[in-house]
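Here is a short report on one protein chain. Look through the sequence and the 3D view first, then read on.

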Amino acid sequence: MPAAVGEAAAKTAVKRKRHENGDIIKKRTKSDANAHDKDGNLKARIEKLETEVQESKKHYNNIATLVELARKHGTDAKAALLASEALCRIFIRLLAAGNLVKRKDVSEKEATVTSWLRDRLADCRGALLSMFQSKKLASSALMLAMALLKAEAQHLSDREEAVFPRYFFSDIVASLLESPIGQLREQFSEKFVDEYHDIRFYTFEAIRTYLTEREDAVDEDIQITVFDMLISIENVPESSEDLTDFYIEPPQKKKHPLRSLSQHKKQAQQAWLALMHLGLSKEQRKKVLDVMAASIAPWFTQPELLMDFLTDCYNSGGSISLLALSGVFYLIQERNLDYPEFYTKLYSLLDADILHSKYRSRFFRLLDTFLGSSHLPAVLVASFIKRLARLALNAPPSAIVVIVPWFYNLFKRHPLTTFMMHRVPRTKEERDLLESEGLEDPFLPDERDPMETRAIDSCLWEIVQLQSHYHPNVATIAKIISEQFTKQAYSLEDFLDHSYGSLIEAEMTKEVKKPPVVEYMIPKRIFTKAGPVPEENDSLLVNLWDFGSS
């Protein structure tokens, strides 16, 4: 009997559970259905408002209703997006029909309607631009704004050819710069700036206008945003014939600024100068200098305008000077910049930090270029060789493996400097002096002028010391200076990117032809104190390991 009661109770519980679960499912389904119905009703309502505007002018007030819905993107994002899409379709149709063109031969009533529609168009623009602050709506709002921009260019005026709406586009760029959404600017650059030459042209113009009009109100975040946006604009056209891709119908005049490469560069130049005029922080200067020669200077029609900025950075010292090197050299090479102290300043950059800098590879590439001319005085080249040889004594192995092949190339390029490799006493007096007192290195390490260091009278005893370096790769490569110069030249690119990690990896993966000699007896202790046995003493390693804790 109890068992029967238990079975009955279990069946009742199962039924109740199924019933409860069914109610829950039913309630969720009802909730989802309500949400779906709500979305469906909202969409149907907006479609109805749009259709009525399309059917008759008497329903133009529906536009104001849609604008109000679009402005409520903070509280109802879905309704705002649907309303914005409807508004864009409405205005594109009205623009194509010529209903927003101001004409003189129309009645006062029609002129009033046209003026009212243009005001609502401005409201629609404002609603779209305000959506640039919303992560959910920003991407869609940008595409709608650009579609509306294209329709305005083609149909807002009564001219035969399209007129680019600069005022609206300037507002778009300003809203992009002030938007907290970085992906939105990337989308704009990828889909519009990189694709269309007219969009790029007016983007430069809009950025310059934004910075000059708000000069005192541009904060550091905006400066960084502007820099990131400008630096993303690459691929400088080679000639005016390459300017063929336009978002808006191109102008018919052949002499129009949009068809002139020099005018495109002028707009880019003014945008960059406006940014630099604001006064850049140290980190921002580093970012600008890092891409100066590759991405900024090619956009300038007058690169000499960068002269003051680059020379100030070059004279400031430290990593800023290293980064400014390529820009200064670009001006010297391309624009014949007169910089009489160039090599003196370059020589001063060779300090203890240069071989530990993260810009070391870049510096050696540039240094190889600067000292590449065979017309340079041997005295000057010898100073650079000797200075780097002295610094190599305390340099990391990854830097030394670059320095020695670079020396080799310089010796091949400047034969007069080869006397530094093997300088022996030639007279009996010199030999006697060497045996009795030794010789003093004539090199003057504190001399700032590389023409006065007397390095050419010295020798590279530092490289001989490096031939006994603890790292086998360094010791091996240092020996090339003492051997016959049978190789034409070394490729520096094979050595520039070495690091501690790459050197260790190369050593670990190297095939061992002859096993090294190692200790075969296993010691009883290494880092622990010796036992109580009287004759057993602590090793030197144990004594050194004691940091004075006792």
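A contact means heavy atoms within 4.5 Å. With that rule, residues 24 or more positions apart account for 70% of the contacts in the chain with a separation of 6 or more.

This is a predicted model, in which local features need pLDDT of at least 70, side-chain atom pairs count only at pLDDT 80 or more, and totals for chains, interfaces and linings use all residues. Residues are numbered from 1 along each chain as its sequence is written, and side-chain values use heavy atoms, with hydrogens and water left out.

## Confidence and overall make-up

The predictor's confidence in each residue is its pLDDT, from 0 to 100. The average over the chain is 82, and 86% of the residues score at least 70. Residues 1-30 stay under 50. For that stretch the model has zero contacts beyond four places in sequence.

The chain has 23 helices and zero strands. These are DSSP runs, numbered from the N terminus: helices are H or I with at least four residues, strands are E with at least two.

How much of the chain is buried? Of the 550 residues, 40% are buried. Buried means under 20% relative accessible area, exposed means over 50%, and partly exposed lies in between (1.4 Å probe, protein chains only). The chain exposes about 32200 Å², with 51% supplied by carbon and sulfur atoms. Such areas come from the Shrake-Rupley method with a 1.4 Å probe; for residues, only the protein chains shown count as cover.

## The core and its rings

A nonpolar core is a set of buried Ala, Val, Leu, Ile, Met, Phe, Trp, Tyr and Cys residues joined through side-chain atoms within 4.5 Å. The largest one here has 156 residues. I63, M146, F188, L346 and F407 have the most contacts inside it. Take M146. Beyond four places in sequence, M146 touches F169, I172, F188, F192, I199 and Y247.

Several of those names return among the rings. Rings of Phe, Tyr and Trp (its six-membered ring) pair if their centres lie within 6.5 Å; planes under 30 degrees apart count as stacked, over 60 as edge-to-face and the rest as tilted. The whole structure holds 20 aromatic pairs. In one of them, the F342 and Y343 ring centres are 5.3 Å apart and the planes stand at 90°, so this pair is edge-to-face. F342 is buried at 5% relative accessible area, while Y343 is partly exposed at 24%. Elsewhere, ring pairs join F164, F169, F188, F192, Y196, F201, Y202 and Y247 into a cluster.

Charges meet rings too. A charge sits over a ring if NZ of Lys or CZ of Arg is within 6 Å of the ring centre and within 35 degrees of the ring normal.

| Charged residue | Ring | Distance to ring centre |
|---|---|---|
| R125 | F168 | 5.3 Å |
| R387 | Y347 | 4.6 Å |

Helix α12 covers residues 292-296 and includes S295. S295 is buried, at 15% relative accessibility.

M292 and L325 are 33 residues apart along the chain, yet their C-alpha atoms are separated by 9.9 Å.

Helix α13 (residues 307-316) has F309, L310, T311, C313 and Y314 buried. What covers them? The cover includes α10 (261-277), α11 (282-290), α12, α14 (318-335) and α15 (342-348). After α13 comes G317, with a positive phi near 90°.

Most residues other than glycine have a negative phi. N235 has a positive phi of about 55° and is not a glycine. It sits in the loop between α9 (220-231) and α10. N235 is exposed, at 67% relative accessible area. R454 also has a positive phi, about 65°, without being a glycine. R454 lies in the loop between α19 (428-436) and α20 (461-466). At 44%, R454 is partly exposed.

## A tryptophan in α4

W116 lies in helix α4, residues 108-130. At 25% relative accessibility, W116 is partly exposed. Leaving out neighbours within four places, W116 contacts Y60, N61, I63 and A64. W116 and Y60 are 56 residues apart in sequence and 9.7 Å apart in space, C-alpha to C-alpha.
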